[in-house]
Amino acid sequence: MNGLNDLANIKTYHIKGTTTTKEFEGDYLLGLVMNTTSIAGLFKLDPELVNLSDGLFEILLIKKPKDMVDRGNLVEGLINRDFSNPAFTFLKADSIHFSLDNETSWSLDGEEVKLGNKIEISNLSEKQMVPLRRKMQMIFQDPYASLNPRMTVGEIIKEPMIIHNIYNS
């Protein structure tokens, strides 16, 4: 029970959010923008909520509980993975704009990023992605599971350069 009471002491953020279909505003404990079926490996999202190829993000914001009823809704929603519960704002969108009252740090895949008090996250079209792909790279968490043992290190390094026509053989 003390853990529930401590929710009142967690720092909250006053967030205004806009998507192409919805606007919202409130005080939130946590906000997630994701396209995955698992949240931090802690629990799985209902596969009916997540389509990895629909071009939409899943946006989950956890509201600051104001009283015991709100705290109960939060716990019930987390246990039952029911994000239609009043403790959450859950929506899907191809882009979202967040505005906060104060500057803050954001976390991008677990890394702290200083972005201020406004941020926009958008999915890019295939055409918009083409010029960016040359500047991006995959970083695998487990190289033993991600590297092809049938390829030499040189082949692995050359492969993306050949694909993007930046390797002269």
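Where does asparagine 85 sit? Its place is the loop between helix H2 (68-80) and strand E6 (88-93), with helices (H or I, at least four residues) and strands (E, at least two) taken as DSSP runs numbered from the N terminus. The model is a predicted one, in which local features need pLDDT of at least 70 and side-chain atom pairs count only at pLDDT 80 or more, while totals for chains, interfaces and linings use all residues. Residues are numbered from 1 along each chain as its sequence is written, and side-chain values use heavy atoms, with hydrogens and water left out.

On the whole-protein level, there are five helices and eight strands. Read from the N terminus, the elements go α-β-β-β-β-β-α-β-β-β-α-α-α. The protein has 169 residues, and 25% of them count as buried; buried means under 20% relative accessible area, exposed means over 50%, and partly exposed is in between (1.4 Å probe, protein chains only). Taking contacts as heavy atoms within 4.5 Å, 56% of those with a separation of 6 or more are between residues 24 or more positions apart. The accessible surface comes to about 12200 Å², and carbon and sulfur atoms own 53% of that; these areas come from the Shrake-Rupley method with a 1.4 Å probe, and for residues only the protein chains shown count as cover.

Back to asparagine 85. A polar atom of its side chain lies 2.8 Å from the backbone nitrogen of alanine 87. Leaving out residues up to four places away in sequence, asparagine 85 touches Asn73, Glu76 and Gly77. Asparagine 73 is a helix H2 residue, and it is buried too, at a relative accessible area of 18%.

Next, the nonpolar interior. A nonpolar core here is a set of buried Ala, Val, Leu, Ile, Met, Phe, Trp, Tyr and Cys residues joined through side-chain atoms within 4.5 Å. The largest such core has 13 residues, and Ile15, Phe24, Ile59, Leu61 and Phe98 have the most contacts inside it. Strand E2 (23-34), strand E5 (57-63), E6 and strand E7 (95-108) each put in at least two residues, and E7 gives the most, with four. Apart from this core lies another, of twelve residues, among them Met34, Ile62, Leu74 and Phe88.

Isoleucine 59 touches a list of residues that, not counting those up to four places away in sequence, includes Thr19, Leu32, Val33, Phe90 and Phe98. Valine 33 belongs to strand E2 and is partly exposed, given a relative accessible area of 28%. Neighbours within four places aside, valine 33 is in contact with Phe57, Glu58, Ile59, Ile96, Phe98 and Ile121. Its C-alpha atom is separated by 9.7 Å from that of alanine 93, which is 60 residues away along the chain.

Now for the charged side chains. Side chains of opposite charge can pair when their charged atoms come close. The structure holds two salt bridges, each being a side-chain nitrogen of Lys or Arg within 4 Å of a carboxyl oxygen of Asp or Glu. In one, aspartate 54 pairs with lysine 92, with the closest N and O atoms 3.4 Å apart. That pair links distant parts of the chain, 38 residues apart: aspartate 54 is in the loop between strand E4 (43-44) and E5, and lysine 92 is in strand E6. Aspartate 54 is partly exposed at 27% relative accessibility, and lysine 92 is partly exposed with a relative accessible area of 29%.

Lysine 92 also meets glutamate 58 in a salt bridge, at 2.6 Å from N to O. Glutamate 58 lies in strand E5 and lysine 92 in strand E6, so this pair ties together parts that are 34 residues apart in sequence. Glutamate 58 counts as buried, since its relative accessibility is 0%. Put together, Asp54, Glu58 and Lys92 are linked in a salt-bridge network.

Finally, the surface. Leu124, Leu132 and Met136 form a nonpolar patch with about 260 Å² of accessible area together. Patches are made of residues with over 30% relative accessible area and no salt bridge, with like charges joined within 9 Å and nonpolar side chains (Val, Leu, Ile, Met, Phe, Trp, Tyr) within 5 Å. Leucine 132, one of the patch residues, is found in helix H3 (residues 126-133) and counts as partly exposed at 33% relative accessibility.

Terms used. Polar contact = N/O pair within 3.5 Å; in protein donor to acceptor, adjacent residues only side chain to side chain.
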